[in-house]
There are 2 protein chains.
Amino acid sequence: VNVLPRVVQELIEKLENLPGVGPRTAARLAYYFLRAPENVSTELAKVLIDIKKEIVLCENCFNYSAEKLCPICSNNSRDESILMVVEEPLDIVAFERMGDFQGVYHVLGGVISPINGIGPEEIRVEELLNRIKEKSISEIIIATNPNLEGESTALYIRNEINKVRKEVKITRIARGLPSGADLEYADDLTLQKALEGRGEF
Amino acid sequence: VNVLPRVVQELIEKLENLPGVGPRTAARLAYYFLRAPENVSTELAKVLIDIKKEIVLCENCFNYSAEKLCPICSNNSRDESILMVVEEPLDIVAFERMGDFQGVYHVLGGVISPINGIGPEEIRVEELLNRIKEKSISEIIIATNPNLEGESTALYIRNEINKVRKEVKITRIARGLPSGADLEYADDLTLQKALEGRGEF
């Protein structure tokens, strides 16, 4: 159907390319921008440009940051001896929302995934090992996602750390039933991990 | 949680304000833009600005258009004697996708909704009546949405047209069971309309 002005069609296409946005949502959003006051789209446009100009990776942990060091790495009250390894900066947001973790992070920037051609060199394992060598770290919590790639990346990282420093304590976040879950509907792997990881009660 | 750089927080907030985008989707989209190549966000920003500059309302039918007349109104092969009244430009996209309608449109730009303070003056009823007075129109199809506000707007428009021109044929799009539907799950109003609108078979 060629009744749409070119620029509207273009906007719909660009919105469709965003993760989780289907053709109908894209069209609805495009028409929302057309109907809304001009500043709604121009201000979003401005932020979309600013974000790429202003945001860099933290030199220390590779979190997104507006400064050389992210707010967590430049916060003196954080415990630098506890290091949590995560896949993505968004994982940091989740842990910080929870609020109980007082240590610092290391962002891998992905997981090892041979199927997608991502080897250990493509994620920040070497940078992690350098941090471990240089800093006095008592515990490393590996918090990659509890899926196939996350688990094998966790194993790989554990082995690499062991080669460099044997005395450091390496832990893995617990896998089990999510709180509020219904046993009846849990998948086999979750049940298996919940059983394996059972603790004294 | 104040670990996010200000500009990232701002992007998430602006995305959250979009219709159908929740806090989690907004965060995921913001991080997608951070991770994606710069041109993904700058090109979207450009289109968001262009859309407000380039798009106007069609002088004739009030569809969105890059020219004074939209592609439908400037198409000589369309039948100007059949006029379909719709709420929004997006409704035109739906009918054009379907492809069977060869007439022209009139976009009301909303529906009468006393609860939201939208009276007949806020939508383009007068413009519709002017078109009907000036042009030779044989049929007016009222295609407002089949909900409370759409139905009462349809009734209001029918009455207003009757005041101006009695001889014009006014029709309303059929309401009934959508194709592929399961009778068992249809709501009462849909069943009622399906029964009321039954035809010879």
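Analyst: A residue is called buried when its relative accessible area is under 20%. By that cut-off, in this predicted model, Tyr64(A) and Tyr31(B) are both buried.

The aromatic pairs come first. Over all chains the structure holds six of them. In one of these, Tyr31(A) and Tyr64(B) have their ring centres 5.6 Å apart and their planes at 50°, a tilted arrangement. Tyr31(A) belongs to helix H2 of chain A and Tyr64(B) to strand S2 (residues 64–65) of chain B, so this pair joins two chains. Tyr31(A) counts as buried because its relative accessibility is 3%, and Tyr64(B) does so at 10%. The pair of Tyr64(A) and Tyr31(B) is tilted too, with 5.6 Å between the ring centres and 50° between the planes. This pair also crosses between chains, running from strand S2 (residues 64–65) of chain A, which holds Tyr64(A), to helix H2 of chain B, which holds Tyr31(B).

The largest pocket has a volume of about 530 Å³. Its lining consists of 22 residues, and those nearest the centre are Leu90(A), Val93(A), Ala94(A), Arg97(A) and Arg24(B). Two or more lining residues come from each of helix H4 (89–98) of chain A and helices H1 (6–16) and H2 of chain B. The most is given by H4(A), with seven residues. By class, the lining of the largest pocket has 15 nonpolar, three polar and four charged residues.

The second largest pocket holds about 460 Å³ of space. It is lined by 16 residues, with Pro23(A), Ala27(A), Leu90(B), Val93(B) and Arg97(B) closest to its centre. Here the elements that give two or more residues are helix H1 (6–16) and H2 of chain A, together with helix H4 (89–98) of chain B. Ten residues of this lining are nonpolar, one is polar and five are charged.

Of the 14 residues that line the largest cavity, Leu15(A), Leu18(A), Leu44(A), Leu15(B) and Leu18(B) lie nearest its centre. Helices H2 (23–35) and H3 (38–54) of chain A, and helices H2 (23–35) and H3 (38–54) of chain B, each supply at least two residues of that lining. The lining of the largest cavity divides into 14 nonpolar residues, with no polar and no charged ones.

As for the cysteines, the structure holds zero disulfides over all chains. Cys70(A) is in none, and its nearest cysteine sulfur, in Cys61(A), is 3.7 Å away. Cys70(A) is buried, with a relative accessible area of 0%. In chain B, the closest cysteine sulfur to that of Cys61(B) belongs to Cys73(B), and at 3.7 Å the two are too far apart for a bond, because a disulfide needs sulfur atoms within 2.5 Å. Cys61(B) is likewise buried, at 1% relative accessibility.

Thr190(B) lies in helix H7 (residues 188–196) of chain B and counts as buried at 18% relative accessibility. Apart from neighbours within four places in sequence, Thr190(B) is in contact with Gly176(B), Leu177(B) and Pro178(B).

Definitions and conventions. Residues are numbered from 1 along each chain as its sequence is written. Chains are lettered from A and ligands numbered from 1 in the order in which they are written. This is a predicted model: local features need pLDDT of at least 70, side-chain atom pairs count only at pLDDT 80 or more; totals for chains, interfaces and linings use all residues. Side-chain values use heavy atoms; hydrogens and water are left out. On a 1 Å grid over the protein atoms alone, a cavity is a set of points where a 1.4 Å probe fits but cannot get out, and a pocket is an open set with protein on both sides within 12 Å along at least five of seven lines; lining residues have an atom within 4 Å of a point. Helices (H or I, at least four residues) and strands (E, at least two) are DSSP runs, numbered from the N terminus. Ala, Val, Leu, Ile, Met, Phe, Trp, Tyr, Cys and Pro count as nonpolar, Asp, Glu, Lys and Arg as charged, and the others, Gly among them, as polar. Buried means under 20% relative accessible area, exposed over 50%, partly exposed in between (1.4 Å probe, protein chains only). Rings of Phe, Tyr and Trp (its six-membered ring) pair if their centres lie within 6.5 Å; planes under 30 degrees apart count as stacked, over 60 as edge-to-face and the rest as tilted. Contact means heavy atoms within 4.5 Å. Grid points are joined across faces, edges and corners, and a volume is the space filled by probe spheres set on the points.
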